[in-house]
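Reader: I should be grateful for a close look at one part of this model, namely the packing of its helices and the nonpolar core to which they contribute. Please set out the contacts in a connected account.

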Amino acid sequence: MQYEAAEAWAAAYMAAAAAAGRGGGAGMWDPAVERVERLAAESAVVIFSVSSCCMCHAVKRLFCGMGVNPTVYELDEDPRGKEIERALTRLLGSAAVPVVFVGGKLVGAMDRVMASHINGTLVPLLKEAGALWL
Amino acid sequence: MDRMSDHRVGETGLSDSGPSNQPLTYGLHGFSPAGTNFFDQEGAAYFEELEEALMQGVVGIRSDGDTKTYLTTRPPTLEIFPSWPMRFHHNTVGNSQSAESSDSGSAQNTISQLESESPVSRKDDYSELFTEQQQQQQQQQMIPSDGSKTEIGTAGNHQSRDQDKRRLTTEKDGRNLDAKTLRRLAQNREAARKSRLRKKAYVQQLESSRMKLAQLEQDLQRARSQGLLIPGASTNGGISSGAEIFDMEYAQWLDENYKHMAELQGGLQAHLPDGNLRVIVDDCLKHYDEIFRLKTIAAKSDVFHLITGMWTTPAERCFLWMGGFRPSDLLKILMPHLDPLTEQQLVGLCNLQQSSQQAEEALSQGLEQLQQSLADTVASGSLSEDPKVGNYMGQMAMALGKIGNLEGFVRQADNLRQQTLHQLRRILTIRQAARCFLAIGEYNSRLRALSSLWSSRPRENSIATENSFAPATSLQILQQPVDAHFSVF
């Protein structure tokens with residue numbers, strides 16, 4: 001598990017700002033969401049979490065148990081935590097953690113992760129993203 | 001005087017028909033000094049004063065002026081217990097609800113009451129009754145406008161009043177009343193006092209029962225309005241808690257489930273075409289969705305009820321995992337019953353088994369962390385100090401917050417269970433799925449039967465000797481051969 005520091009966030013911010021400078025103009029474009037998506041795209045499995053949250057602990061255990069090495073952003077320890085929270089609210093309707101991205105694509109909160117694991121869609125997704133080798 | 005009693009029940013009147021009535025009756029008629037404080041020296045003095053007051057035309061009892069003339073002509077003594085039923089209960093009598101006070105006190109009150117013009121709060125049955133009789137006869141007597149009757153009554157009253165006076169005078173003069181009379185007076189006083197106390201206790205009992213009844217009615221009304229009439233009364237004051245509501249819903253769900261099982265059974269045996277069977281199977285699955293939905297609601301109001309398995313039977317509780325069945329256990333049980341399976345199905349089922357195991361493990365670890373965190377919060381600070389020292393309430397608040405997270409775990413566990421059932425449905429053919437759901441239903445129903453048998457098993461200490469006849473349960477039957485075997489040695 002890798003815990004990203006502020007550097008990665010800053011880098012994503014710069015990239016997004018540059019992109020904004022270049023061209024954006026789409027009505028629905030939200031810098032926060034864009035940044036989150038960029039962050040998510042950087043690793044095969046990205047988990048947005050809170051360090052004291054037990055459900056987040058459960059989801060981390062799930063991926064580790066499968067042999068996956070997710071990238072975790074602890075919102076309470078990250079300087080841009082508030083922004084990420086806002087972006088997640090926009091994406092999911094609530095800022096409840098954990099939120100999981102696989103291969104840059106949003107899987108969802110815990111219940112969606114569980115459901116996708118049970119119905120057999122999570123493992124192929126993980127393989128596709130290069131997070132699992134079997 | 002039973003009529004009086006009937007009318008006066010619930011007020012401060014004579015609600016018991018015990019001996020207390022009698023002394024009053026006798027006493028106020030004046031022919032025997034039986035039992036009341038009226039006829040000790042204060043009582044005698046009272047009558048004399050009353051007579052004087054009345055002869056002077058003073059309105060002694062009622063404050064309203066209508067009865068003034070009436071009172072001057074008709075002293076009340078003999079009219080205290082008229083033969084007509086009491087129909088007028090005025091609020092002047094209804095004020096105090098219980099009789100209390102010592103004998104002498106009540107006598108004093110009576111005197112002061114009759115001398116003053118306004119009704120004071122009563123302290124004694126007899127004074128109340130006296131007054132009420134006064135009012136009643138006033139009402140009654142005012143109806144006949146025929147003056148002659150009044151005159152006759154008056155005359156009669158004068159006569160007996162004189163008699164009373166004579167008798168009372170004798171008593172008052174003969175202060176050295178013989179011992180027998182004294183003892184009788186004392187006994188009557190005692191009896192009167194006891195009956196007052198009894199009455200007081202009874203009235204208090206009535207009051208509390210009344211409140212209890214009101215509360216019960218309220219609860220019943222509430223339950224009825226929620227459409228949740230539970231035949232067996234609930235334990236905690238009749239208020240339907242989230243747990244009770246869920247238990248009731250679960251019981252209904254179980255009944256429905258039996259119907260679904262019967263349909264599945266019937267459908268399989270009748271070899272229904274797949275189309276028809278599919279409908280039955282999907283109905284069954286929808287029914288499972290329903291219980292998960294109900295559990296979600298219940299988890300919000302009482303997560304402990306779910307997570308401790310108080311809604312299930314003992315044998316089911318033994319296998320409880322996070323408020324329900326453990327999906328991987330269920331799959332292990334079902335596998336042998338789903339043969340024959342295709343290669344693809346077998347792979348699918350193995351994957352399902354593995355993923356549910358992984359998910360269960362993850363949730364269990366998350367819950368473990370929650371428990372640890374909760375324990376840390378509860379134990380924080382000094383456990384051996386006075387709880388008021390330190391941040392007791394703050395700790396409690398934090399612990400309560402953590403308990404809130406339990407709901408999330410039960411929710412995720414139910415989600416896991418629901419997803420597992422749906423995935424089973426996807427992997428299997430219709431016939432297999434039908435058999436599968438039937439097997440699940442049968443397995444759970446056997447667990448419930450086991451719980452039932454276990455609960456009603458004969459206890460060890462109720463078996464007197466080895467040879468005693470005990471109701472045969474499967475356990476007993478199993479035991480006998482074992483005992484026989486060992487007895488050989």
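Author: Contact here means heavy atoms within 4.5 Å. The model is a predicted one. By that criterion, and leaving aside its neighbours within four places in sequence, A:F63 is in contact with A:V45, A:I47, A:V68, A:P70, A:V100, A:V113, A:L122 and A:L126. A:F63 also belongs to the largest nonpolar core, which has 91 residues; together with A:F48 and A:L126, A:F63 touches the most other members. The largest share of this core, 11 residues, is supplied by helix 11 of chain B, residues 274–301.

Chain A contains six helices and five strands, and its elements follow the order β-α-α-β-α-β-α-β-β-α-α from the N terminus on. Of its 134 residues, 45% are buried. Among contacts in chain A between residues at least 6 apart in sequence, 64% join residues at least 24 apart.

Attention may now turn to helix 11 of chain B. Two packed helices are described by the angle between their axes and the distance between the axes. Helix 11 of chain B packs against helix 17 of chain B, residues 430–455, at an angle of about 40°, and the two axes are 9 Å apart. The crossing of these two helices is left-handed. On the side of helix 11 of chain B, the residues that meet the partner are B:D274, B:L277, B:R278, B:V281, B:C284, B:L285 and B:Y288; on the side of helix 17 of chain B, they are B:I430, B:R431, B:A433, B:A434, B:F437, B:I440 and B:G441. By class, this contact comprises 10 nonpolar, one polar and three charged residues. An α-helix has 3.6 residues a turn, so residues three or four places apart point the same way.

Helix 17 of chain B also contains B:R435. This residue is partly exposed, since the relative accessible area of B:R435 is 32%. Leaving aside its neighbours within four places in sequence, B:R435 is in contact with B:L268, B:H337, B:L338, B:D339 and B:P340. The C-alpha atoms of B:R435 and B:Q265 are separated by 8.3 Å, although the two residues are 170 apart along the chain.

Helix 15 of chain B, residues 343–379, has 37 residues and should span 54 Å at 1.5 Å a residue; because its end C-alpha atoms are 53 Å apart, the two values agree. Just after helix 15 of chain B, B:G381 adopts a positive phi of about 80°.

Methods:
Residues numbered from 1 in each chain as written. Chains lettered and ligands numbered in written order. Predicted model: local features only at pLDDT ≥ 70, side-chain atom pairs only at ≥ 80, totals over all residues. Heavy atoms only, no water. Core = buried A, V, L, I, M, F, W, Y, C linked by side-chain atoms within 4.5 Å. Buried < 20%, exposed > 50% of the residue type's maximum accessible area, 1.4 Å probe, protein only. Helix = DSSP H or I, 4+ residues; strand = E, 2+ residues; numbered from the N terminus. Expected span 1.5 Å × (residues − 1). Axes fitted to C-alpha atoms, helices over the stretch in contact; angles between N-to-C directions. Left-handed = near helix turned anticlockwise from the far one by under 90°. Nonpolar A, V, L, I, M, F, W, Y, C, P; charged D, E, K, R; others polar.
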